[in-house]
Amino acid sequence: MNFAPLPTVDVASVPADALVLDVREDDEWTAGHVEGAMHVPMSDFVARFGEVTEAVAAGRRAYVMCRVGGRSAQVTQYLVQQGIDAVNVEGGMLAWQGAGRPMVTDGGAAAVVL
């Protein structure tokens with residue numbers, strides 16, 4: 001089987017108004033995430049796939065993110081196979097934090113990457 005290279009972007013290339021799809025688990029999300037991101041843990045992904053297809057229905061690109069890029073690469077591969085415009089965010093939330101991109105928590109505490 002021949003696989004196309006996985007579409008990937010660095011954190012600096014993610015637009016401020018992008019649809020960020022965070023596939024980390026709940027405890028990671030709670031500690032800190034991209035404001036306005038859509039949270040669908042990889043463990044729930046297949047069950048919640050309809051929510052993702054709705055979010056990208058208007059032809060929006062999904063910028064898929066996890067902690068460092070492993071889980072998001074798997075999810076990106078799956079989305080691309082379903083014909084969805086998705087890219088893996090290289091380096092994930094650690095790179096996002098390292099680049100000084102803004103992060104939030106739902107409770108207002110200081111955001112960190114677990």
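**Exercise 1.** How many salt bridges does the structure hold?

*Solution.* Start with the criterion: a salt bridge is a side-chain nitrogen of Lys or Arg within 4 Å of a carboxyl oxygen of Asp or Glu. By that rule, the structure holds 4 salt bridges. Keep in mind that this is a predicted model, where local features need pLDDT of at least 70, side-chain atom pairs count only at pLDDT 80 or more, and totals for chains, interfaces and linings use all residues. Residues are numbered from 1 along each chain as its sequence is written, and side-chain values use heavy atoms, with hydrogens and water left out.

**Exercise 2.** Take the salt bridge between E28 and R71: which parts of the chain does the pair tie together?

*Solution.* Step one, check the contact: the N to O distance is 2.9 Å. Step two, place the residues, using helices (H or I, at least four residues) and strands (E, at least two) as DSSP runs numbered from the N terminus. E28 sits in helix 1 (residues 26–31) and R71 in helix 3 (residues 70–81), so the pair ties together parts 43 residues apart in sequence. Step three, look at burial, where buried means under 20% relative accessible area, exposed over 50%, and partly exposed in between (1.4 Å probe, protein chains only). E28 is buried at 9%, while R71 is partly exposed at 24%.

**Exercise 3.** Where in the chain do the salt-bridge partners D85 and R61 lie?

*Solution.* First the distance: the closest N and O atoms of D85 and R61 are 3.0 Å apart. Now the places: D85 is in the loop between helix 3 and strand 5 (86–89), and R61 is in the loop between helix 2 (49–55) and strand 4 (62–65), so to speak distant parts of the chain, 24 residues apart. D85 is partly exposed at 37%, and R61 is partly exposed at 34%.

**Exercise 4.** In what sense do strand 2 and strand 4 pair?

*Solution.* Two strands pair if DSSP finds at least two bridges between them. Strand 2 (residues 19–22) and strand 4 pair in the parallel sense over 4 bridges, with D22 opposite M65.
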